[in-house]
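Reader: I am new to this structure and would like to go through it in questions and answers. Please show it before we start.

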Amino acid sequence: MSLPLINGGDDIENEESKFINMVYNYDWSSTSLGPIDTWDPVLKHVTNLILNSKFPFAILINPPDWILLYNKAYVSILKAKHPDG
């Protein structure tokens with residue numbers, strides 16, 4: 001069963017696609033994770049699952065340089081929890 005999209009569906013899907021592309025095109029080599037090509041396959045798979053989910057998801061990875069990886073649906077939670085979100 002799929003959930004109905006609000007506000008014209010196409011715009012929401014387009015925003016989600018832009019968000020996903022932004023994550024995949026980010027210069028991860030400038031972080032402690034390194035380039036996506038070098039990521040463990042499990043991390044790549046989990047990242048793909050999170051980014052393509054309609055439900056809010058986030059994971060904290062790679063201590064001690066914690067990196068919060070989240071999907072478009074999680075943005076509203078960040079804004080609600082963080083004044084600077």
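Reader: Which residues does Y74 touch, not counting residues up to four places away in sequence?

Author: This is a predicted model. Y74 sits in the loop between β2 and α3 (75-81). A contact requires heavy atoms within 4.5 Å. With residues up to four places away in sequence left out, Y74 touches P56, F57, A58 and L68.

Reader: How many Å separate the C-alpha atoms of Y74 and A58?

Author: A58 is among the residues that Y74 touches. Along the chain, Y74 and A58 are 16 residues apart. Between their C-alpha atoms the separation is 6.9 Å.

Reader: How many aromatic pairs are there?

Author: Two rings pair if their centres lie within 6.5 Å. By this rule the count of aromatic pairs is four.

Reader: Are the rings of F19 and Y70 stacked or tilted?

Author: The ring centres of F19 and Y70 are 6.0 Å apart, and the planes stand at 45 degrees. Planes under 30 degrees apart would count as stacked, and those over 60 as edge-to-face. The angle of 45 degrees falls in the rest, so the pair of F19 and Y70 is tilted.

Reader: How many residues apart are F19 and Y70?

Author: F19 belongs to helix α1, and Y70 belongs to strand β2.

Reader: Does Y70 count as buried or partly exposed?

Author: Buried means under 20% relative accessible area, and exposed means over 50%. F19, at 11% relative accessibility, counts as buried. Y70 has 24%, so Y70 counts as partly exposed.

Reader: Which residues do ring pairs link into a cluster?

Author: Y70 also pairs with Y74: their ring centres are 6.0 Å apart and their planes are at 40 degrees, so this pair is tilted. Y70 is paired with F19 as well. The cluster linked by ring pairs is F19, Y70 and Y74.

Reader: Which element supplies the largest share of the lining of the second largest pocket?

Author: This pocket holds about 180 Å³ of space. Its lining consists of F19, M22, V23, Y26, W28, T31, I67, L68, L69 and Y70. At least two lining residues come from each of α1 (10-25) and β2 (67-70). The largest share, four residues, comes from β2.

Reader: How many residues of that lining are charged?

Author: Asp, Glu, Lys and Arg count as charged. The lining of the second largest pocket has nine nonpolar residues and one polar residue. The number of charged residues there is none.

Reader: Where is V46, and how many Å is V46 from I59, C-alpha to C-alpha?

Author: V46 lies in helix α2 (residues 41-51). At 29% relative accessibility, V46 counts as partly exposed. V46 and I59 are 13 residues apart in sequence. From C-alpha to C-alpha, V46 and I59 are apart by 9.2 Å.

Reader: In what order do the elements of the protein run from the N terminus on?

Author: The protein has three helices and two strands. Starting from the N terminus, their order is α-α-β-β-α.

Reader: What percentage of the residues of the protein count as buried?

Author: The accessible surface of the protein is about 6300 Å², with 57% of it belonging to carbon and sulfur atoms. A residue is buried when its relative accessible area is under 20%. Of the 85 residues of the protein, the buried share is 27%.

Terms used: Residues numbered from 1 in each chain as written. Predicted model: local features only at pLDDT ≥ 70, side-chain atom pairs only at ≥ 80, totals over all residues. Heavy atoms only, no water. Buried < 20%, exposed > 50% of the residue type's maximum accessible area, 1.4 Å probe, protein only. Areas by Shrake-Rupley, 256 points an atom, 1.4 Å probe, with all protein chains shown as cover. 1 Å grid on protein atoms, 1.4 Å probe; cavity = no way out; pocket = protein on both sides within 12 Å on 5 of 7 lines; lining within 4 Å. Points joined across faces, edges and corners; volume = space filled by probe spheres on them.
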